[in-house]
Structure formats: structure tokens, C-alpha cells
Amino acid sequence: RGTSRGSMGAVLAHEYGHVFLFTRRFPALSLQTEEGICELFAWLWLGGGAGARAGGKGGGSGTINGEDEGQNARRRRLMESRKDAVYGDGFRLAKRALDARGGDLGALLEHVLRHKELPS
């Protein structure tokens with residue numbers, strides 16, 4: 001059985017975030033900023049953001065990325081409430097910055113590229 005598609009996809013999306021930052025030659029970032037951005041990639045892959053049903057609250061009956069939306073919503077809620085200074089707080093700061101930019105991930109990443117930190 002092993003890891004579900006949703007869990008594996010979220011891990012791969014997170015790791016892709018690291019690859020993206022490296023290949024796009026982002027400057028060295030604080031651990032909280034880098035991991036927060038990468039967790040944001042995973043959250044978005046799980047259906048967070050503009051594509052999420054009911055504002056990402058879950059419980060829907062559809063599928064996202066081959067996984068039941070209810071399972072993806074549960075994973076997103078766990079990410080949103082994680083009590084960890086690097087991954088949990090970093091994600092919430094990245095998500096807040098994304099929300100402040102109307103969900104424009106490109107604008108958020110451009111800011112981080114230029115200023116070496118998430119916008120406050």
C-alpha cells in the first residue's frame with residue numbers, strides 16, 4: 001500500500017519548491033522563508049488557493065490530483081495548524097503573503113527574489 005497519491009504528491013510539490021528556488025537562482029533565504037514557500041507549493045498542489053472548493057475547507061466529494069478532496073482538505077488543515085516555527089509558521093507567513101497578493105504566486109515569488117524575504 002505505502003504512501004497515498006495525495007501524500008506523495010504533496011511531498012514532491014514541496015521538494016519541487018526547493019528545485020524551483022535553486023534553478024531560478026533565488027538568493028539564500030532563511031530556513032523559515034524557504035520551507036514556508038515550499039510548504040505553500042505543497043498546499044497549492046493539494047488544492048489550496050483559488051482552485052479549492054468552499055475556500056479550502058474540504059469535505060467535498062470530488063477529486064484533486066487523483067485523491068479524494070476530503071483527504072486533501074484534511075492534509076491542508078494539518079499544514080495550516082502545524083505547530084512548528086519553521087514549517088508551520090513559515091507556511092502561514094507564506095500563505096498570508098500569497099493572500100495579500102490576491103493569490104498571485106508569481107508576484108509573491110518575484111518579491112522574495114528581489115528582497116530575499118517574504119513581504120510583511
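Biologist: What counts as a helix or a strand here, and how many of each are in the chain?
Modeller: Helices are DSSP runs of H or I with at least four residues, and strands are runs of E with at least two. The model is predicted. Counted in this way, the chain has five helices and two strands.

Biologist: Which pattern does the chain follow along the sequence?
Modeller: The elements are helices and strands, five of the former and two of the latter. Read along the sequence, they give the pattern α-α-β-β-α-α-α.

Biologist: Is α2 roughly parallel or roughly antiparallel to α3?
Modeller: Helix α2 covers residues 31-45 and helix α3 residues 69-81. Their axes come within 9 Å and cross at roughly 160°. Angles over 145 degrees count as roughly antiparallel, so α2 is, relative to α3, roughly antiparallel.

Biologist: Which residues make the contact between α2 and α3?
Modeller: The crossing of α2 past α3 is left-handed. On α3 the contact is made by R76, M79 and E80, and on α2 by E39, A42 and W43.

Biologist: How many nonpolar, polar and charged residues has the contact of α2 with α3?
Modeller: Glu and Arg count as charged, while Ala, Trp and Met count as nonpolar. By class, the contact has three nonpolar, no polar and three charged residues.

Biologist: What share of the chain's residues counts as buried?
Modeller: A residue is buried when its relative accessible area is under 20%. The chain has 120 residues, and the buried share of them is 40%.

Key. Residues numbered from 1 in each chain as written. Predicted model: local features only at pLDDT ≥ 70, side-chain atom pairs only at ≥ 80, totals over all residues. Heavy atoms only, no water. Axes fitted to C-alpha atoms, helices over the stretch in contact; angles between N-to-C directions. Parallel < 35°, antiparallel > 145°, perpendicular 65-115°, else oblique. Left-handed = near helix turned anticlockwise from the far one by under 90°. Contact = heavy atoms within 4.5 Å. Buried < 20%, exposed > 50% of the residue type's maximum accessible area, 1.4 Å probe, protein only.
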